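Here are some worked exercises to go through with the model open beside you. Try each task on your own before reading its solution.

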Amino acid sequence: MSVIIVSGHGKFSLGLLDAFEMIFGHDEKIKAVPFLKGEGIPQLQEKFNNELNDFAGEEVLFLVDVFGGTPYNAATQLIYGNKKYDVISGVNLPILLETAAQRNQPLSSLVNAAKAAGENSTKVFSEEIARIQNENTEDDEL
């Protein structure tokens, strides 16, 4: 079963984990690691290592907020070359929920689930209404 470490700028990861726990409840293998003002890559990597020490040998998926941001860079530098770890940027609540629901799958499956959840989680109301209306019009024509 994979470990999930959520990180982002400020207290983003703490808020995301709080929202997650409202839906799923507490999970010991899902951790939030905030990147706070005044910290840099070394401090964040130390925090990551503290979490990783508790889960030695397990697969770990880092979910971070921004591609190329400090949490992303800290995680990628730390895990480079280790096939038991991966990093996904652009985390949101649907991505966290989906990956958590599938934590018993191999890391590669979690990565695919996260990508799919990310692609499917953004919806534009006006486009959804237009799609539904179009479907209803097509149904009426049958």
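**Exercise 1: a charged network**

E128, R131 and E135 are linked in a network of salt bridges, a salt bridge being a side-chain nitrogen of Lys or Arg within 4 Å of a carboxyl oxygen of Asp or Glu. Before you start, note that this is a predicted model, where local features need pLDDT of at least 70, side-chain atom pairs count only at pLDDT 80 or more, and totals for chains, interfaces and linings use all residues. Residues are numbered from 1 along each chain as its sequence is written, and side-chain values use heavy atoms, with hydrogens and water left out.

Task: work out how R131 is joined to E128 and to E135, and how exposed these residues are.

Solution. 
- Step 1. Take the pair R131 and E128: the closest N and O atoms are 2.8 Å apart. Both residues lie in helix α6 (residues 125–141), 3 residues apart, or about one turn of the helix. Helices here are DSSP runs (H or I, at least four residues), strands likewise (E, at least two), and both are numbered from the N terminus.
- Step 2. Turn to R131 and E135, whose closest N and O atoms are 2.9 Å apart. These two are separated by about one helical turn, because they stand 4 residues apart in α6.
- Step 3. Check exposure, where buried means under 20% relative accessible area, exposed over 50%, and partly exposed in between (1.4 Å probe, protein chains only). R131 is partly exposed at 37%, E128 is partly exposed at 23%, and E135 is partly exposed at 37%.

**Exercise 2: a bridge across the chain**

Task: find the salt-bridge partner of R103 and say where the two residues sit.

Solution. 
- Step 1. The count comes to 6 salt bridges. In one of them, the side chains of R103 and D27 meet at 2.9 Å, N to O.
- Step 2. This pair links distant parts of the chain, 76 residues apart: R103 is in the loop between α4 and α5, and D27 is in the loop between α1 and β2.
- Step 3. R103 counts as buried, since its relative accessibility is 5%.

**Exercise 3: aromatic pairs**

Task: classify the pairs F48 with F62 and F67 with Y72.

Solution. 
- Step 1. Rings of Phe, Tyr and Trp (its six-membered ring) pair if their centres lie within 6.5 Å; planes under 30 degrees apart count as stacked, over 60 as edge-to-face and the rest as tilted. A search of the whole structure finds 3 aromatic pairs.
- Step 2. The centres of F48 and F62 are 4.9 Å apart with planes at 70°, so this pair is edge-to-face. It ties together parts 14 residues apart in sequence, because F48 lies in helix α2 and F62 in strand β3. F48 is buried at 0%, and F62 is buried at 0% relative accessibility.
- Step 3. F67 and Y72 form a tilted pair, 4.8 Å centre to centre and 55° between the planes. F67 is exposed at 61%, whereas Y72 is buried at 17%.
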